[in-house]
Amino acid sequence: MKRILITGSNGLLGQKLVELFSNSDCYSLLLISRQEHSVFQEETLQYRQLDTTNKQGIRKIIEEFEPDIIINTAAMTNVDQCETEREAAWKINVNSVEHLVHMAKLVGAHIVHISTDYVFDGKQGPYDELAVPNPINYYGRTKHASENVLRISGIPFTIVRTMILYGTGYNVKTNFGLWLYQNLSEGKVVSVSDDQRGNPTLADDVAYGILKIIELERSGIYHIAGQDLVSRYDFTLELAHVFGFNKKLITPVKTTALKQAAPRPLNSGFITLKAQAQLSLHTSGIVHGLMIFKNQLMARKHDLAVSER
Ligand SMILES: NC(=O)c1ccc[n+]([C@@H]2O[C@H](COP(=O)([O-])OP(=O)(O)OC[C@H]3O[C@@H](n4cnc5c(N)ncnc54)[C@H](OP(=O)(O)O)[C@@H]3O)[C@@H](O)[C@H]2O)c1
């Protein structure tokens with residue numbers, strides 16, 4: 001049985017991973033996240049509260065649990081917050097990875113680390129795994145640096161880059177899909193950029209890709225993202241269609257009009273042929289992904305409490 005440590009287990013992707021891996025008898029899991037309690041109540045799902053910037057805490061937990069694999073989803077994921085709170089962003093997104101690498105070396109663990117399309121500048125997307133990173137915001141710089149920590153570490157690792165994650169879970173922070181749902185379902189107007197292109201990605205698909213990576217013992221870099229490369233505006237129109245929301249509430253704007261603290265890569269997107277060929281991974285397009293998202297929201301509506309990012 002493989003022993004897997006999942007960081008950020010209370011986050012969106014973390015929850016999807018826990019749900020998926022806990023369905024199999026092949027894995028023994030230890031969940032860690034920053035909050036006092038796990039969102040999972042099951043006694044079989046061991047949870048420890050830990051801030052990954054706490055080097056001693058990481059040491060203790062990894063020495064005790066001796067994972068074969070560490071899946072690192074924990075990160076400061078708010079792109080504008082990273083731009084303005086740079087020291088904290090570096091500590092969480094880079095120094096934490098250094099701590100994990102240090103301990104992985106001691107116990108012989110493989111790290112699966114989650115990164116982003118924001119390592120690219122968005123000038124010439126879609127990008128494959130061989131494209132050269134050139135981040136244009138601080139979040140992207142921290143994630144690029146975290147990738148480099150792994151590249152020079154000498155330990156076995158897999159970097160999974162993904163983008164525009166959407167999905168639902170217990171008390172998850174707002175993501176693009178949830179934000180749209182929240183506003184449009186209340187009849188509120190949303191301004192959405194029509195000049196930012198990427199592949200919106202159902203979080204469940206990334207979790208499944210990571211399961212495949214672990215089953216097939218793959219290392220290196222993988223781009224895992226939804227099938228369709230679209231603008232955020234087009235994604236929003238499709239979401240309104242799937243949910244039956246009023247499309248007149250949606251206003252297309254240019255990214256600069258949003259006056260966000262961090263610049264965004266515009267012409268992004270991923271080529272996912274490597275994941276398709278090597279992992280037999282076929283991710284959802286936006287229509288299929290949004291229908292799954294809708295079903296999940298309906299099933300969980302009563303206990304969904306979305307907090308602001
Ligand atoms: N969301 C996207 O669109 C997107 C796109 C590309 C890549 N990614 C990457 O995918 C990964 C997962 O993203 P996500 O959307 O699932 O993020 P998320 O929902 O924000 O989850 C991150 C989780 O990590 C926890 N965490 C943050 N800092 C921590 C720390 N120092 N110690 C322990 N736990 C900590 C958070 O806890 P708190 O609630 O206490 O903060 C949260 O539970 C991240 O590495 C992110 O960079 C995300």
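This note goes through a predicted model point by point.

1. Basis and confidence. Residues are numbered from 1 along each chain as its sequence is written. The model is predicted, so local features need pLDDT of at least 70, side-chain atom pairs count only at pLDDT 80 or more, and totals for chains, interfaces and linings use all residues. pLDDT is the predictor's confidence in each residue, from 0 to 100. The protein chain has an average pLDDT of 96, and 97% of the residues score at least 70. Over residues 304-309, pLDDT stays under 50. The model has 12 contacts for that stretch beyond four places in sequence, a contact being a pair of residues whose C-beta atoms, placed from the backbone, lie within 7 Å. Where pLDDT is low, the predicted coordinates should not be read in detail.

2. The ligand shell. There are 29 residues around the ligand, and Gly8, Gly11, Leu12, Leu13 and Ala75 come nearest. A residue is near a molecule if its C-beta atom, placed from the backbone, lies within 6 Å of it. Two or more shell residues come from each of α1 (12-21), α4 (86-107) and β5 (110-116). Such labels refer to DSSP runs numbered from the N terminus: helices are H or I, at least four residues, and strands are E, at least two. Helix α1 gives the largest share, 3 residues. By type, the shell has 11 nonpolar, 15 polar and 3 charged residues. Here Ala, Val, Leu, Ile, Met, Phe, Trp, Tyr, Cys and Pro count as nonpolar, Asp, Glu, Lys and Arg as charged, and the others, Gly among them, as polar.

3. Helix α1. Is α1 largely enclosed or exposed? It is largely enclosed by the rest of the structure, because 8 of its 10 residues are buried. A residue is buried if 20 or more other C-beta atoms lie within 10 Å of its own, exposed if 12 or fewer, and partly exposed in between, with C-beta atoms placed from the backbone. The buried residues of α1 are Leu12, Leu13, Gly14, Gln15, Lys16, Leu17, Val18 and Phe21. They pack against β1, β2, β4, β5, β7 (165-166) and α7 (203-215).

4. Helix α2. In α2 (residues 55-65), Ile58, Ile62 and Phe65 are buried. These residues are on the same side of α2 because they cover an arc of only 75° around the axis, the arc being that of the directions from the helix axis to the C-beta atoms. Gln56, Glu63 and Glu64, on the other side of α2, are exposed. The cover over the buried residues includes β1 (2-7), β2 (27-33) and α4.

5. The nonpolar core. The largest nonpolar core has 80 residues, of which Ile111 and Ile210 touch the most other members. Such a core is a set of buried Ala, Val, Leu, Ile, Met, Phe, Trp, Tyr and Cys residues joined through C-beta atoms within 7 Å. Not counting residues up to four places away in sequence, Ile210 touches Leu17, Ile71, Val112 and Val160.

6. Backbone points to check. Most residues other than glycine have a negative phi, and most peptide bonds are trans. The bond from Gly125 to Pro126 is cis, with omega near 0°, and Pro126 is in the loop between β5 and α5 (138-151). Glu66 has a positive phi, near 45°, and is in the loop between α2 and β4 (69-72). Glu66 counts as partly exposed because it has 14 C-beta neighbours inside 10 Å. For Ser280, phi is positive too, near 50°; the residue lies in the loop between α9 (273-279) and α10. Ser280 is exposed, with 9 other C-beta atoms within 10 Å.

7. Tyr166, in strand β7, is buried, with 23 other C-beta atoms within 10 Å. Tyr166 and Phe176 are 10 residues apart in sequence, and their C-alpha atoms are 6.2 Å apart. Leaving aside neighbours within four places in sequence, the contacts of Tyr166 include Phe176, Leu202 and Phe293. Ile292 is in helix α10 (residues 286-300) and counts as partly exposed, since it has 14 C-beta neighbours inside 10 Å. Not counting residues up to four places away in sequence, Ile292 touches Leu202, Asp204 and Ser284.

Terms used
Contact = placed C-beta atoms within 7 Å.
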